[in-house]
Amino acid sequence: MSHHVQRDIRYNFEFDHRIKACFIGAGGHAYRNVYPALRYVPVELAGICDLDLGRAEKFAKLFGGGKAYTDHREMLEREKPELVFLVTAYHPDGRVQATDLALDALAAGAHVWMEKPTAASIDDIERLQVARAAAGRMVMTGLKKTFFPTIEKLKDLIGSPGFGRLTSINVRYPQSLPRPEDRADLVKMQSFLDHIYHPGAILNFLGGEIERAGYEWEALTGATVTSMRFRSGAIGTLHLAAGQSGGSIFERVEIIGEGANAIVENGSRLTYFRKADLPSYGRAASFIQPDESAALFYEPEHSLGQLYNNNLFYLGYVPEILHLTDAILAGAPITRGTLEIAREIMKLFEFYRRTDAGVTSNL
């Protein structure tokens with residue numbers, strides 16, 4: 001199955017049928033990245049809910065969101081949406097607000113698209129799985145990294161004739177892990193929970209389930225280096241590079257196959273090093289590879305007003321929502337952002353909450 005598929009995008013007003021939807025949350029992230037993405041998907045917002053009624057009313061006016069609410073249960077009862085979007089924050093104890101809201105949306109008979117993190121524990125994921133099954137609806141977490149065109153291209157390279165099977169993978173992402181004595185406290189682990197979904201999603205998408213892992217922790221910055229083995233037999237590392245410069249390449253992913261490798265930097269720059277022989281040692285006078293084995297380089301241009309150089313697209317926001325709306329309209333299941341994938345990421349989160357750094361453990 002090809003994961004990176006070129007498609008022409010339709011604008012919201014061009015769809016003959018739009019899914020009735022409601023949105024819970026009127027914060028800055030939703031304003032920048034999620035509400036604007038709805039311009040390119042088949043949804044019609046019937047209501048927007050936020051604890052701050054003034055914000056909900058402003059968002060409703062700006063984004064064509066119908067009626068504003070402060071009580072999400074009232075909104076669900078009155079509007080009876082087919083789909084609910086959740087972009088919210090955390091409870092005071094560090095639990096994820098969207099987990100409980102998703103349960104309410106499912107009980108009201110709606111599908112759910114929720115921003116990561118899905119939950120703060122495997123137990124909460126399993127509660128959602130039970131509720132999803134009872135409701136007969138879908139719950140999708142917005143794992144945007146798996147919808148980056150560059151990361152989709154990496155997925156398509158794996159197993160291709162020129163690349164071979166995945167043998168190793170490295171993901172580098174700037175995130176600090178709190179001190180061992182703080183890891184039982186969900187409030188102090190909030191930033192880590194919020195961000196482990198990004199590298200965790202990439203590792204799962206490209207490598208599959210992790211069988212075992214072990215890590216070393218650095219006390220000054222909270223950086224970690226984790227080695228892991230996947231059930232497929234591939235090996236990998238996750239470098240949570242706390243301490244790097246704010247002006248640095250933000251993140252980096254490399255996959256290695258059988259004589260070929262590919263690297264993605266900053267999410268939008270992909271270099272594919274195709275199979276090539278090393279020049280003869282000590283006698284080669286040129287570093288230029290033959291055309292048939294030269295590296296391939298992909299990067300968007302930023303001169304034209306295209307959708308592909310808009311961060312709503314190369315950062316995956318529109319494609320991830322389309323994945324769910326396409327499935328709803330087709331009556332088919334989603335394959336990305338599922339609760340099963342979220343559960344695998346939660347296993348990684350709970351692995352890091354243990355205090356036995358350096359000990360290899362089964363996940």
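Student: Which residue forms a salt bridge with aspartate 326?

Tutor: Before the answer, note that this is a predicted model: local features need pLDDT of at least 70, side-chain atom pairs count only at pLDDT 80 or more, and totals for chains, interfaces and linings use all residues. Residues are numbered from 1 along each chain as its sequence is written, and side-chain values use heavy atoms, with hydrogens and water left out. A salt bridge here needs a side-chain nitrogen of Lys or Arg within 4 Å of a carboxyl oxygen of Asp or Glu. With its closest N and O atoms 3.1 Å apart, the partner of aspartate 326 is arginine 7.

Student: How many residues apart are aspartate 326 and arginine 7?

Tutor: Aspartate 326 belongs to helix H9 (residues 317–330), whereas arginine 7 is in the segment before strand E1 (19–24). Helices (H or I, at least four residues) and strands (E, at least two) are DSSP runs, numbered from the N terminus. The pair therefore links distant parts of the chain, with a separation of 319 residues.

Student: Are lysine 80 and glutamate 77 buried or exposed?

Tutor: These two side chains also meet in a salt bridge (3.6 Å, N to O). Buried means under 20% relative accessible area, exposed over 50%, and partly exposed in between (1.4 Å probe, protein chains only). Lysine 80 has 56% and glutamate 77 has 55%, so lysine 80 and glutamate 77 are exposed.

Student: How many residues apart in sequence are arginine 336 and glutamate 152?

Tutor: The side chains of arginine 336 and glutamate 152 meet in a salt bridge, at 3.0 Å from N to O. Arginine 336 lies in the loop between H9 and helix H10 (339–353), and glutamate 152 in helix H6 (residues 149–157), so the pair ties together parts of the chain. Arginine 336 is buried at 10% relative accessibility, and glutamate 152 is buried at 8%. Their separation in sequence is 184 residues.

Student: How many salt bridges does a search of the whole structure find?

Tutor: Side chains of opposite charge can pair when their charged atoms come close. A search of the whole structure gives a total of 21 salt bridges.

Student: How much area do domain 1 and domain 2 bury between them?

Tutor: The domain bounds, from an automatic or database domain assignment, are 12–137 for domain 1 and 146–328 + 343–362 for domain 2. The contact (heavy atoms within 4.5 Å) takes 36 residues from domain 1 and 24 residues from domain 2. Buried area is the accessible area (1.4 Å probe) that two parts lose on being put together, summed over both. Of the area between these domains, 71% is on carbon and sulfur atoms, and the amount is about 2500 Å².

Student: Which strands stand at the edges of the open sheet of 9 strands?

Tutor: Two strands pair if DSSP finds at least two bridges between them. The strand order is E14-E13-E12-E11-E7-E10-E9-E8-E15, with mixed pairing. Each edge strand has a single partner, so one side of each is left without a neighbour in the sheet. The edge strands are E14 (296–298) and E15 (361–362).

Student: Which residue in E10 stands opposite serine 168?

Tutor: Strand E7 (residues 168–173) and strand E10 (residues 235–240) pair in the parallel sense over 6 bridges. Opposite serine 168 stands isoleucine 235.

Student: How many of the 6 residues of E1 are buried?

Tutor: E1 pairs with strand E2 (residues 43–49) in the parallel sense over 6 bridges, and alanine 21 has leucine 45 as its bridge partner in E2. E1 is largely enclosed by the rest of the structure, because the number of its residues that are buried is 5.
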